[in-house]
Amino acid sequence: MSGAAPGKRDPGLQPERTRLAWRRTTLSLTVAAVLAVRTTLHEGPTTPALLACALCFTLWLGFLLLAHHRIRALATTPRPAALPPRHATAATACTVALAVCAAALIL
């Protein structure tokens, strides 16, 4: 056991791991959004494909905003507040919806 005083929290590397996880997820969604745009342009832009592509871009921007907010909170405070449930739900919804839109463009 280290010499930490009782009641003191030693976060260790957890905030860094969490920040890296947010960045990895953002990178994955960026790749999915770019592939959606590429697929749309490669196969010829149709109205449904352009709408799906615009939805992918909007979902990507929404997730990017949430991730940036969370990464900033993790980096600026020694003990960040828990992620609010509505933010967690929004991040999950953006991720799943973007995956569905990207898959729909491929099929």
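View 1. At 10% relative accessibility, C101 counts as buried (under 20% relative accessible area, 1.4 Å probe, protein chains only). C56 is likewise buried, at 1% relative accessibility. The search of the whole structure returns 0 disulfides, a disulfide being a pair of cysteine sulfur atoms within 2.5 Å. For C56, the nearest cysteine sulfur belongs to C101, 4.4 Å away.

This is a predicted model in which local features need pLDDT of at least 70 and side-chain atom pairs count only at pLDDT 80 or more, while totals for chains, interfaces and linings use all residues. Residues are numbered from 1 along each chain as its sequence is written, and side-chain values use heavy atoms, with hydrogens and water left out.

**View 2. The largest nonpolar core.** This core has 20 residues, of which W22, C56, F63, L98 and L105 touch the most other members. A nonpolar core is a set of buried Ala, Val, Leu, Ile, Met, Phe, Trp, Tyr and Cys residues joined through side-chain atoms within 4.5 Å. At least two of its residues come from each of α1 (14–42), α2 (47–76) and α3 (85–106); helices are DSSP runs (H or I, at least four residues) numbered from the N terminus. The largest share, 10 residues, is from α2.

View 3. F63 lies in helix α2 and is buried, with a relative accessible area of 3%. Beyond neighbours within four places in sequence, its contacts (heavy atoms within 4.5 Å) include W22, T25, L29 and C94. The C-alpha atoms of F63 and H87, 24 residues apart in sequence, are separated by 9.6 Å.

Conventions:
Buried < 20%, exposed > 50% of the residue type's maximum accessible area, 1.4 Å probe, protein only.
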